[in-house]
Amino acid sequence: MPSIQLPPEDRRLSPHTGWTRQHWEAAADGLLAAVQPFAGPGNALISLPGPGPSISGTRSDGLEGFARTFLLAAFRVAGAGGDDPHGLLPRYAEGLATGTLKPTTERDLTDRDPVSWLAVGDRNQAMVEAASIALALRLTRPWLWDRLDEGVRERTRAWLAGALHHTPVDNNWWLFPFTVGGFLAEAGLDHDGAAKAAVARGLAKIEQWYLGDGWYTDGRPRAFDHYNGWAFHLYPVLHAHLSGDAELLDTYGSRLAAHLESYARTFGADGAPMHQGRSLTYRFAAAAPLWAGALSGHTPLAPGTTRRLASGTLRHFIDRGASGPNGLLSLGWYGPYPPAIQSYSGPASPYWASKGFLGLLLPPDHPVWTEPEAAAPVERGDAVHPLPGPGWLIQSTAADGLVRLHNHGSDDQPVDEVLADDPLYARLGYSTATGPVHDGPADNHFGLVVDGELSERGRIRPLGAGPGWAASAHRPRIGSAELPGIAVTSLVLAAGADEIHVHLVTGAAPGTEVRHSGWAVAGGAIETWTDGRLAHVVAETADGTRLASALRCVEGLTAAAAARRLPAGTAFGAVGALPVLTGHTGRGTSLFVAAARLGHSTSHPSFRLSDGPRVRIDGPMIHVVWPDGSEHEVLLAPDRPTVHRKD
């Protein structure tokens, strides 16, 4: 990344990443310098180049460029105690003065008006950006807001206040008026009580989505993703911290600490966050809740662990070219990856990643910067951790530093209809080294083939998660219709790098084909092979490692194949492959069992009869003996798994 001039590594202070606070400051400076040439007249809008505008229009996209980079500038300057050697704040002050002169409802920029901000309206993108601007103003108030002309302050207040009087999307968006209200109330600009009302209303709204143990669902019944950390926890905790509200901080800080207990387990040893859920182009915004815990004093993590995780994720993307030759963050994961981009994303959307720089608010002498880095959870030994709230099972292996998320509870389905499966939510598994297939055969999926079409999961009903297991049920669908009378109960067991997947199918006609697919690996060169009952695929990844995905028939599944036709690859590489097993239903209830592995091929080779888990099926009982000698016993009835673990 040519626009970032990084200092030398410090492996004494940071033995895992080599990065220190100076690296974070250099990264922030480089990212901000790269966007400056794209500022428009009066610095009101920052319109970045990209593949095309978002659904909100070019004016909104330019506002997004201003707001999200302003937040990064605020972290940089406020974290330096107001020191602003690069003259960041005067440029954003000019932008405030210019953009608020004549707010407009025109979506797109014109030669007649290339500077006006989009007015805040019901469920429009300007409401989102108002939150970033309000937070940036709150953080830099002594050095920017308090020095603005009265007229500029009043116009900015009036524009921000639009967020208090319009309706947000019914999900984490309620925290955008909440954030605006927090700033206006603190600045003494709550003339009609709307600011305080927005704060109270935002907290009341998100309360209905809190499921305990630090996890929120994002508006829909079961929508779990990174918005837990960079929205639901971040905004309330930061507001409580900035306002000095001890009671509020006790409530939301405690929830954040509970979230971090499990969230910290989802980072790979290479710094990769979990590749699951929407808005993944925000990348190292995944570090925001880690820093929020340290900033608020509500975290189960040691200071050195916090920095190790946060620096790891920032460096992960910087090292892998998340920005192009011009230093701009691209719409994608490492480089551009259009299949994973949502329609609301525009060229400046990736700068939501600015939230990842929250740690700069911690002073240089804070232990999070001065204590040596400590090992991440994934590096401390193999672990399998259940999360009953979202219906997940987190499986990590120290030898290769990979983390896998087995999904038996998140589907992002609305309450009043069932939509087509979203690859970012509906798969059986996600990881820190693989991405779902957006164009091609579904990865990590079990379905029935009817008239040549593969069924989808649709709405997922969690059946529990416990030591080494998670389970769910669903009614398979093709298109908009359920397959009549058919139900699937699914369960995963995990230990070390090994997985056992169990599916119980009821109501299907005898002879119906079923398919179970495994992890899709992507990168450069691909190798695949099968032996009839085992499918094994290997990809040479961008960092030179060989990532292997293997799937073996155990019960019910009778044939293995390797699928190479992934037209768009995955976010991890342009060429990809995945293993697939097939079988057929019998009369009555049909049981299907597969064994799987994902790992670096040097540390977790393909299955051999002698090194994988041993599975014995005795009527309705499934008995698994893992390579380490531990055992699981499962009695799987439709909708009712009974699981016992023996160590």
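**Entry 1: second largest cavity**

I looked up which helix gives the most to the lining of the second largest cavity, and it is α8, with four residues. I note that helices (H or I, at least four residues) and strands (E, at least two) are DSSP runs, numbered from the N terminus. The model is predicted: local features need pLDDT of at least 70, side-chain atom pairs count only at pLDDT 80 or more, and totals for chains, interfaces and linings use all residues. Residues are numbered from 1 along each chain as its sequence is written, and side-chain values use heavy atoms, with hydrogens and water left out.

Besides α8, I found that α4 (125–139) and α6 (175–186) each supply at least two lining residues. Among the lining residues I listed Ala134, Phe178, Tyr235 and His239. The volume of this cavity is about 70 Å³. For the terms: on a 1 Å grid over the protein atoms alone, a cavity is a set of points where a 1.4 Å probe fits but cannot get out, a pocket is an open set with protein on both sides within 12 Å along at least five of seven lines, and lining residues have an atom within 4 Å of a point. Grid points are joined across faces, edges and corners, and a volume is the space filled by probe spheres set on the points.

I sorted this lining into seven nonpolar residues, two polar and one charged. Ala, Val, Leu, Ile, Met, Phe, Trp, Tyr, Cys and Pro count as nonpolar, Asp, Glu, Lys and Arg as charged, and the others, Gly among them, as polar.

**Entry 2: largest cavity**

The structure holds six cavities of 30 Å³ or more, and the largest has about 100 Å³ of space. α8 (227–243) and α9 (246–263) are the elements that give two or more residues to the lining of the largest cavity. I counted five nonpolar, six polar and one charged residue there.

**Entry 3: largest pocket**

I read a volume of about 520 Å³ for the largest pocket. Of its 26 lining residues, Val169, Asn171, Arg278, Tyr344 and Asp412 are the closest to its centre.

**Entry 4: a sheet**

I traced an open sheet of eight antiparallel strands in the order β7-β8-β11-β12-β20-β17-β16-β15. Strands pair if DSSP finds at least two bridges between them. β7 (460–466) and β15 (526–530) stand at the edges with a single partner strand each, so one side of each has no neighbour in the sheet. β15 pairs with β16 (residues 534–540) over five bridges, in the antiparallel sense. Thr528 stands opposite Val537 in β16.
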